[in-house]
Amino acid sequence: MLIKFHTIGQIEKGVYPFEKAVASADTVNGAFGSVTSGVFSVGADAKKAIMNAEVGDDEGINEYKIYKGQELRVVDFEKLDGQTMEIYGEMPSEVTVGTKLKSDASGKLVTGASAAPCFEVIDTIETSAGLDGVVVTVTMTDSE
């Protein structure tokens, strides 16, 4: 999975939403989880995800591998609340505009979010496997 900013201005305007960490286990780029004492672990209902710059022979493939102990750039979505991000890669088949996604215990996005943190799909990208999602990290109400 690949997560990217919707506009370059999102990182040019003084918000640096990243922290350094190392992977606690083998995983993939775009995995959602948390950071404790500088160590990233995948997990459910996460507010952070691996957002490494991809390089080498595996660049651009659906599952860009991350290895245990590898240094990571982890995006903190709480710093991006309400902003649009682009998410590419394998998605649940039932994703449509308005779908709310959250991370499961394996760090992948799944449907069925009823509370923050989550992504609300605002557009699907028909030319590739992906979507635009608004970061929502505040408490959602039933009317949202």
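**View 1. The largest nonpolar core and its most connected members.** In this predicted model, the largest nonpolar core holds 19 residues, of which Phe32, Phe77, Met85 and Phe119 touch the most other members. Strands β1, β9 and β12 (118-124) each supply at least two residues of this core. A nonpolar core is here a set of buried Ala, Val, Leu, Ile, Met, Phe, Trp, Tyr and Cys residues joined through side-chain atoms within 4.5 Å, where buried means under 20% relative accessible area, exposed over 50%, and partly exposed in between, as found with a 1.4 Å probe on protein chains only. Strands (E, at least two residues) are DSSP runs, numbered from the N terminus.

**View 2. The salt bridge between Glu86 and Lys4.** A search of the whole structure finds three salt bridges, each defined as a side-chain nitrogen of Lys or Arg within 4 Å of a carboxyl oxygen of Asp or Glu. In the one shown here, Glu86 pairs with Lys4, and their closest N and O atoms are 3.8 Å apart. Because Glu86 belongs to strand β9 (residues 84-88) and Lys4 to strand β1 (residues 2-5), the pair ties together parts that are 82 residues apart in sequence. Glu86 counts as buried, at 10% relative accessibility, whereas Lys4, at 36%, counts as partly exposed.

**View 3. The salt bridge between Lys48 and Glu19.** The side chains of Lys48 and Glu19 meet with an N to O distance of 2.5 Å. With a relative accessibility of 17%, Lys48 counts as buried, while Glu19, with 24%, counts as partly exposed.

**View 4. The salt bridge between Glu78 and Lys47.** Glu78 and Lys47 form a salt bridge in which the closest N and O atoms are 3.3 Å apart. This pair links distant parts of the chain, 31 residues apart, with Glu78 in the loop between β8 (71-76) and β9, and Lys47 in the loop between β5 (39-42) and β6. Glu78 counts as partly exposed at 42% relative accessibility, and Lys47 is partly exposed as well, with a relative accessible area of 31%.

**Notes to all views.** Residues are numbered from 1 along each chain as its sequence is written, and side-chain values use heavy atoms, with hydrogens and water left out. As the model is predicted, local features need pLDDT of at least 70 and side-chain atom pairs count only at pLDDT 80 or more, whereas totals for chains, interfaces and linings use all residues.

Terms used
Helices (H or I, at least four residues) and strands (E, at least two) are DSSP runs, numbered from the N terminus.
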